[in-house]
Amino acid sequence: MSTAAATNPVAESNYYTRFSPGQRILHAVLVFTFLGLAATGLPLRFSSAAWSVGLAHAVGGFSAILFFHKFCAVVLTIDFLIHVVDIVYRTVVKKQWGLLWGTNSMVPNLKDAKDLFAQMRWFLFLGPKPKFDRYTYWEKLDYWGVFWGMAIIGISGYAMWFSGAFARIVPGSWLNVALLIHGEEALLAVGYIFVVHFFNEHLRPNNFPMDITIFTGSQTEEEFRERHPEEYARAAEAGQLKQLRAEAPPAWAVRTSRLLGSAAVVIGVVLIVLTAEAFLRD
Amino acid sequence: MKLYVSAIFLSMFLIWPAAAWSAAAPDTLCLSCHDEKGSPFHASVHSSLGCTGCHTDIKAFPHPDNVAKVNCGACHSEAATALAGSVHAKASEQPCLSCHGDAHAIVDVKDPKSTVYPLNLPRTCGACHGNKKFAEEHHLPDVYSEYMDSIHGFALTKDGLLVAATCSSCHGSHDILAPTNPKSRTYRANVPATCGTCHEGIQQLYFAGIHGKQMEAGNAQAPVCTNCHTAHQISNVREVSFQMKTSATCGNCHRERFGTYRDTFHAQVSALGYVETAHCWDCHRAHDILPASDPKSTVAKANLVQTCGQCHSGVSASFVSYSPHADPHDGRQFPALHAASIFMNLLLASLLGFMALHTVLWFIRSHAERLNDKRRNS
């Protein structure tokens, strides 16, 4: 198995590109702003918890919290819009229709349902590990969870930020709903990212301590073959492997990625523990 | 002749004390023994009365060992009657002196040296009421330190204001009655009038509001000034620490409304220690509180745009359909919110529940696979 290579990607190996620099930058911005939004939003959601008051005081009170929250929100909105505009540009202008359907698309298809079913069978020792394509079903779930989460949390957040203008379009009672949805959807996002996503990509025995592909942009040949066998086989058959070849990531990039990822995990775990504590006490 | 003179001289010597006693000022005679009382007494408000003005039973020099207790009420009849009916009637053998101090050194109330001069009064009352043991024995609150830390106490001791309320401003002086006595200034129903002697404008607002009206109507649940402001530890209402506490104070009675307020943005912001958000009184007012059904109420439908507009800019008629007391559990009053709450709870429980299971199964399966690989490799 490729566990040695997975935990030590700098080892001698062929590297293949998985994410473009643009995608890696968008994800890194998402990491920073999401952590910022969670750290400044959770104290508000659980405002009666002692740690919330402490945190609010530490950063300079509620006005500071709200400033950081709005700042991160604006940056993340821009991040989100760049991604959406990029998708629209690549499909409509560049006619890369494969982004909307097929093996290179994030849109779920029948194979994902089959993979999920097969994966559950594998979990229960009832069958072999499914052979995944470029994007696995849980990666698509992560993607759409974040996509719709950002849309819902964003719209409800901006509704409250610009409550006067919002209430001229719809009844003010929708602001009550906006606060509820904003808070609950955020809890879902925090729970999903800090537990499910972190486990899938970092803490899972085969990925521990973390998978840095999203930061460095490349994966080893072993990782490629094990994680995305269908895509690998297709590329090999079409003789496209050479085009996908990448330089090995420099040591500083690996170190930075690990540092960044580990910091995110630590912050996330601290926040999820605090959230669980406040949620159970509520 | 010589004998005649001698007889007169002798008779004078025998008669002189009696003759001298009958004179207007026998003080020099008293002071021949009680010298130390002379100077404070001459500076006192009672100096013109002379010793026997109060010690009326002393008619001769020297006087008998047992001297009657001075009756201040002989002159101060009004105060004495009031005191006799007060909680302090049996406070000590000579209750007047407990507050007025040394009997021979009593000065005018307007004299800054007087023990009952406003600036000195709390210390005088505090001699007993600042004593924890005394307070425990008499089942009284430890009011002295509370008062000294209050806005009234600070106004008196730090700002030196004679108009600041001291003990007697609220409790009276000689006629102090227990707060359970309906005639007492501090009896519940009399509190608004007592505070109103100084805070007249607030008293008017209070009686214009629902709390005052209910109190007048005899509702025992209706709060008076002290229910919200406390009796002795009264804070400056402009202090953030006080403002941060007040919503919970309203919540002592309005439990359900406080509960629904606590789930909203205003309360969340407030709980983080931010005072510039809506607290109960920002919308409902503090004293002239009226129910929403009253057209004059700040929370009457027609006035909401103005009330919300105190903080929010661009408030429209549509904006004020926002409920600062929305309750997601109340499906009848808040159907959309109720539905959203159920949907979100289901979404969270199902998605996180499924993914948690997915994660646990994956963890177990991955470990099993790794163990298997190790065995195969070795």
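Biologist: What radius of gyration would a compact globule of 282 residues have, and what does chain A have?

Modeller: This is a predicted model. With 282 residues, a compact globule would come out near 19 Å. Chain A has 21 Å, which agrees. Along the principal axes, its C-alpha atoms fill a box of roughly 60 × 40 × 40 Å.

Biologist: What percentage of the residues in chain A is buried?

Modeller: Burial here means 20 or more other C-beta atoms within 10 Å of a residue's own. Buried residues are 34% of the 282 in chain A. Now take contacts between residues at least 6 apart in sequence: 74% of them join residues at least 24 apart.

Biologist: How many helices and strands does chain A have?

Modeller: Chain A has 13 helices and three strands. The three strands make an open sheet, order 2-1-3, with antiparallel pairing. Strand 2 (218–220) and strand 3 (245–246) of chain A are at the edges. Each has a single partner strand, so one side of each lacks a neighbour in the sheet.

Biologist: Over how many bridges do strand 1 and strand 2 of chain A pair?

Modeller: Three bridges link strand 1 (residues 15–17) to strand 2 of chain A, in the antiparallel sense. T17(A) sits opposite S218(A) of strand 2.

Biologist: How is the size of an interface often given?

Modeller: Often as the accessible area lost when the parts come together. Here, residue counts describe the contact: 39 from chain A and 40 from chain B. On the side of chain A that touches chain B, helix 8 of chain A gives the largest share, 16 residues. That side divides into 23 nonpolar, 12 polar and four charged residues.

Terms used. Residues are numbered from 1 along each chain as its sequence is written. Chains are lettered from A and ligands numbered from 1 in the order in which they are written. This is a predicted model: local features need pLDDT of at least 70, side-chain atom pairs count only at pLDDT 80 or more; totals for chains, interfaces and linings use all residues. Helices (H or I, at least four residues) and strands (E, at least two) are DSSP runs, numbered from the N terminus. The radius of gyration is taken over C-alpha atoms; the globule rule is 2.2 Å times the number of residues to the power 0.38. A residue is buried if 20 or more other C-beta atoms lie within 10 Å of its own, exposed if 12 or fewer, and partly exposed in between; C-beta atoms are placed from the backbone. Two residues are in contact if their C-beta atoms, placed from the backbone, lie within 7 Å. Two strands pair if DSSP finds at least two bridges between them. Ala, Val, Leu, Ile, Met, Phe, Trp, Tyr, Cys and Pro count as nonpolar, Asp, Glu, Lys and Arg as charged, and the others, Gly among them, as polar.
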